[in-house]
Amino acid sequence: MLSLLLITFLIQLVIQIINTVGVSAINSALWKIWNKFLTPTSEYLAENHKLRIQVLKLREELNSTSSQDEFAKWAKLRRVHDKAVEKLEVSQKLLDSCKSKFDNTINVLRWVSINGLRIVLQFLFQKQPMLYIPKGWIPYHAEWLLAFPRAPLGSISIQAWSFSCVVVLELMSELVMTVFILSNYLRPVPRDKERKDQKNS
């Protein structure tokens, strides 16, 4: 079984990844995966896609037909186009409603499974020490703060451990982003390009 130290760290790591990637991006990816399966929303999505293609084809045909020379044909196409647009709008509203419900469900499930679990663990194990600090290393006030709220004095509580995990993960995230940005910015220029620039100058 995983230790409480590792479980707490992994929960904070998942929260950090979600915050870095973004909730909307994760929800969109899950929505695409969900619609790969045979679900009612996948049928709505397929119907919406067909209607979009139909509207685009009708619009192209309508634009290529002269309203003066071929008025009867143009008027018929216009009526068909307007009906298709109305169907597309209804389909889009239904799809948006399904997407909104899906996002709300995913947000609730994510909160319960991650933040809810974190809160439950912090409540259940608030008296259990995560680590012990050697005696005399830090002042009494710091010992009391690290043991807050109910861990034994001279130890680190689950709340203090969670907070330290958050701080370390945020620093690591910023470090990785900085290294990534600098590596792209300070990328060496190829020699062929340097020679061309010298010739042009």
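The protein chain is divided into domain 1 (22-125) and domain 2 (129-187), with bounds that come from an automatic or database domain assignment. Taken over C-alpha atoms, the centres of domain 1 and domain 2 are separated by 44 Å. This is a predicted model, in which local features need pLDDT of at least 70 and side-chain atom pairs count only at pLDDT 80 or more, while totals for chains, interfaces and linings use all residues. Residues are numbered from 1 along each chain as its sequence is written, and side-chain values use heavy atoms, with hydrogens and water left out.

**View A. Packing of helix α1 against helix α4.** Helix α1 (residues 4-21) packs on helix α4 (residues 71-124) at an angle of about 145 degrees, and their axes lie 11 Å apart. Helices (H or I, at least four residues) and strands (E, at least two) are DSSP runs, numbered from the N terminus. Axes are lines fitted to C-alpha atoms, for helices over the stretch in contact, and angles run from 0 to 180 degrees between N-to-C directions. The crossing of α1 and α4 is left-handed; that term applies if the near helix is turned anticlockwise from the far one by less than a right angle, and right-handed applies if clockwise. On the α1 side the contact (heavy atoms within 4.5 Å) involves Leu4, Ile7, Ile11, Gln12, Val14, Ile15 and Ile18, and on the α4 side Arg110, Ile114, Asn115, Leu117, Arg118 and Leu121. Nine residues of the contact of α1 with α4 are nonpolar, two are polar and two are charged. Here Ala, Val, Leu, Ile, Met, Phe, Trp, Tyr, Cys and Pro count as nonpolar, Asp, Glu, Lys and Arg as charged, and the others, Gly among them, as polar.

**View B. Packing of helix α2 against helix α4.** The angle between α2 and α4 is about 115 degrees, and their axes are 10 Å apart. α2 and α4 cross in a right-handed manner. From α2 the contact includes Val23, Ile26, Asn27, Ser28, Leu30, Trp31 and Trp34; from α4 it includes Leu95, Cys98, Lys99, Phe102, Asp103, Ile106, Asn107 and Arg110. The contact of α2 with α4 comprises nine nonpolar, three polar and three charged residues.

**View C. Threonine 39 and threonine 41.** Threonine 39 is in the loop between α2 (23-34) and α3 (40-64), whereas threonine 41 is in helix α3. The side chains of threonine 39 and threonine 41 make a polar contact at 3.1 Å. A polar contact is a pair of N or O atoms within 3.5 Å; within protein, one must be able to donate a hydrogen and the other to accept it, and residues adjacent in sequence count only if both atoms are side-chain atoms. Threonine 39 counts as buried because its relative accessibility is 8%, and threonine 41 counts as buried because its value is 11%. Buried means under 20% relative accessible area, exposed over 50%, and partly exposed in between (1.4 Å probe, protein chains only). Leaving aside neighbours within four places in sequence, threonine 41 contacts Trp31, Trp34, Asn35, Leu95 and Cys98.

View D. Glutamine 126 is in the loop between α4 and β1 (131-132). The relative accessible area of glutamine 126 is 15%, so this residue is buried. Not counting residues up to four places away in sequence, glutamine 126 touches Pro149, Arg150, Ala151, Ile158 and Gln159. Glutamine 126 and isoleucine 158 are 32 residues apart in sequence, and their C-alpha atoms are 6.2 Å apart. Proline 149 is in the loop between α5 (140-147) and β2 (155-156). The peptide bond that joins phenylalanine 148 and proline 149 is cis, with omega about 5 degrees. Most peptide bonds are trans.

View E. Glutamate 47 is in helix α3 and is partly exposed, with a relative accessible area of 44%. The C-alpha atoms of glutamate 47 and glutamine 16 are separated by 37 Å, and the two residues are 31 residues apart along the chain. Arginine 78 is in helix α4 and counts as partly exposed at 37% relative accessibility. Arginine 78 and glutamate 61 are 17 residues apart in sequence and 9.7 Å apart in space, C-alpha to C-alpha.
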